[in-house]
Amino acid sequence: MTTSPLPAWYQQGCGHIWLPYSQMQTASPPLAAVRTQGSRITLADGRELVDGVAAWWTACHGYNHPHIREVATAQLATMPHVMFGGMVHEPALTLAQRLCARLPGDLERVFFSDSGSVAVEVAMKMAIQYRLNKGETGRTRMLAFKGGYHGDTLGTMAICDPEEGMHHLYGSALARQVIAPLPQDEASSREFHALLERHAHELAAILVEPLVQGAGGMLFHAPEVLRILRAAADRYDILLIVDEIFTGFGRTGTFFACEQAGIVPDIVALSKALTGGTMALAATIARRHVFEAFLSDNPEHALMHGPTFMANPLACACANASLDLFESQPRLQQVAAINAVLTEQLEPCRSLPGVVDVRTLGAIGVVEMQAITDPEALRQRFIAQGVWIRPFRNIIYLTPAFTISEAELHKLTGAIRTVLGG
């Protein structure tokens, strides 16, 4: 194929952008994407890549789904945005009702924002102010877990893994939180419970990513871990916050990952696939007793948070359209089918040089390496195979759209075997 020259907008604009998670002194030039469809990304030079990560885990229905596009077009013509302070609108109220109906127990009050990090920040503020509104001034810290990742803002960085995570450079600037091991065996359980006993009097909440610690390394844990955390939170009267930003909307095989443990969190954070990868939107959803602690004649008991674009009507309409697809299409069956292919096709990687583990859960496939010394070079080798896969830390992973074709899925798994085997 004869490639086209890069367009003028690329040549003129690249000198003015700052890319995420990149050492821009040495990073390869970014690819110029011009079109998406299904599970494919078309580049300005004419190449086409099968997307193995669904736009950072968001495009669960694939790109440019016609139903979401139709709903978005209609909403754009009607009301793309209006402030959510002092007024409401149908897309947001319908979405809030539908999300609460999907969630377990009495998770029934939705606070909208526009990114996963902010959704977690709001959850933390809710937990702290829940205590303050009840007259408890000393319970303002969080307990989070080694291997965890909850966002890149100053508040959420403090509850990410402080040693293995990407934010250790900021350590001196962050609030001091309690970081514990997930209670998965006798030793880790003993350490977790000891930390909890020592710090319970100052804790507002426990925060956890259910079943999969995503950006911390795609680390899996059993549903029993969540049941242990729920019991511990109840014992010490601590709120349990579940971060379903990555795991929500079918990624782990159930609509929400916490369903597999049969627990009801006190607060849930959602984002990523909420709009099917179309618009930025997030939600923090609280149980009834949490919300009721904010009801008072005292204006200081109100939750003082309000993102400018919260509950954006266009984004809420896209999220409603995404929920339509979950109700009308066999998405969870598709996730199960993807898991079967990932399990079969990635297992041979276990015998390849440098591979230390292969694991799958739902529409997540992980090949863990002993080390990846040059992730940029590895990424370029995947691009040469016609796939978009972004290794990070010591893992190569797939989180494809649920609508991906079997041929496209085989192209992704085959590329991993080829690159690692070469």
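Guide: A salt bridge is a side-chain nitrogen of Lys or Arg within 4 Å of a carboxyl oxygen of Asp or Glu. The model shown above is predicted.

Visitor: Which residue forms a salt bridge with arginine 98?

Guide: Side chains of opposite charge can pair when their charged atoms come close. Here the partner of arginine 98 is aspartate 324, with the closest N and O atoms 2.8 Å apart. This pair links distant parts of the chain, since arginine 98 belongs to helix 4 (residues 90-102) and aspartate 324 to helix 10 (residues 313-328), 226 residues apart.

Visitor: Is arginine 98 buried or exposed?

Guide: Buried means under 20% relative accessible area. Arginine 98 has 17% relative accessibility, so it counts as buried. Aspartate 324, at 26%, counts as partly exposed.

Visitor: How many salt bridges does the count come to?

Guide: The count comes to 22 salt bridges. Among them is the contact between the side chains of arginine 40 and glutamate 48, at 3.0 Å from N to O.

Visitor: Which strands are joined to strand 5 by bridges?

Guide: Strand 5 runs parallel to strand 7 (residues 203-208), and three bridges join them. Methionine 142 stands opposite alanine 205 in strand 7. Three bridges also join strand 5 to strand 6 (residues 178-180), again in parallel; there, phenylalanine 145 has alanine 180 as its bridge partner.

Terms used
Residues are numbered from 1 along each chain as its sequence is written. This is a predicted model: local features need pLDDT of at least 70, side-chain atom pairs count only at pLDDT 80 or more; totals for chains, interfaces and linings use all residues. Side-chain values use heavy atoms; hydrogens and water are left out. Two strands pair if DSSP finds at least two bridges between them. Helices (H or I, at least four residues) and strands (E, at least two) are DSSP runs, numbered from the N terminus. Buried means under 20% relative accessible area, exposed over 50%, partly exposed in between (1.4 Å probe, protein chains only).
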